[in-house]
Amino acid sequence: MQDILDEICATMNDRSERGQVANYIPQLACVDPNQFGISVALPDGQVFSAGDANTLFSIQSISKLFTLTIALGKLGDAVWSRVGREPSGDPFNSIVQLEHESGKPRNPFINAGAIAIVDSIMMGHQPKETLAEILQFVRFIANDNSIGIDEKVAQSELLTGDRNASLAHFMASFGRFKNPVDCVLGTYFHHCSISMSCQQLAQAGLFLVSDGVNSSTGIRVVSAQRARRINSLMLMCGHYDGSGEFAYRVGLPGKSGVGGGILAVAPGKASIAVWSPGLDSIGNSKLGTEALELLVQHTGWSVFGH
């Protein structure tokens, strides 16, 4: 495995076309695009890494996977009265569909859906309390108490978050919010600003590899059925309107973020985290996707057959 990762890393380092960093969040616009990291965490506790796998980056929308898991734990299937389970086919920050569908977001991984998920888990608590709960959960599943929030990125998002504020107020206009919109948005911007390395992220995904149990710690995080359902949502919706392309090229459940990270799950085999800040035209890591495609070619881990 180490040889495979070293080879992939060398291939990625030679690429001249690296995509564009997310320039609409000022703090992300200053990240050096020439970085690449990859980590593979196996159920037996082994972790293999190459490149900048220990460098912290903003996980952004990958955090939506963790807030969805928390919401399912608190509300069970009642979550689906708030958000749908279908691919959107629209950009991650589109407002068009919300109008047609009475303020109910298409799935929990587009921005509107993730904002609705935050509203559902707050339950009248203050943003600080909700954020502490989210952070505690991420530290728990990654088995790493050093994970924190990048306050500079959070502030950067607050200052440039007009589109997300529009989505939230639009949903609230349909009577779909239970908490003050500004409290929900503050919580959302901060959980998107959680900072992790590839190694930490790969370990955080282990519970989705082994039917809801983090095998390296032996702790059950969710039921086997819930783990399978979360994986299915990642496969269908985890890359926004590029989810079909990612399934076609990589063939694994995955969740991307505009910080350049991707968490992918090979059920029964491994949790994989890649990071390269340059994005493709849809907003997914360009080199991260290419690296996962190569990894699957080497390992035969695609969920669609060997």
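In strand S5, Ser195 is the bridge partner of Ser58. The model is a predicted one, in which local features need pLDDT of at least 70, side-chain atom pairs count only at pLDDT 80 or more, and totals for chains, interfaces and linings use all residues. Residues are numbered from 1 along each chain as its sequence is written, and side-chain values use heavy atoms, leaving out hydrogens and water.

The pairing of S3 with S5 (residues 194–196) is antiparallel and runs over two bridges; two strands pair if DSSP finds at least two bridges between them. Together with S4, these strands form an open antiparallel sheet in the order S3-S5-S4. Strand S3 (57–58) and strand S4 (148–149) lie at the edges with a single partner strand each, so one side of each has no neighbour in the sheet.

Looking at the whole chain, there are 13 helices and ten strands, taken as DSSP runs (helices H or I, at least four residues; strands E, at least two) and numbered from the N terminus. The radius of gyration of the chain is 18 Å, close to the 19 Å given by the globule rule for 306 residues, so the chain is as compact as a globular protein of that length. The radius is taken over C-alpha atoms, and the rule is 2.2 Å times the number of residues to the power 0.38. Along the principal axes, the C-alpha atoms fill a box of roughly 55 × 40 × 35 Å.

Of contacts (heavy atoms within 4.5 Å) with a separation of 6 or more, 68% join residues 24 or more positions apart.
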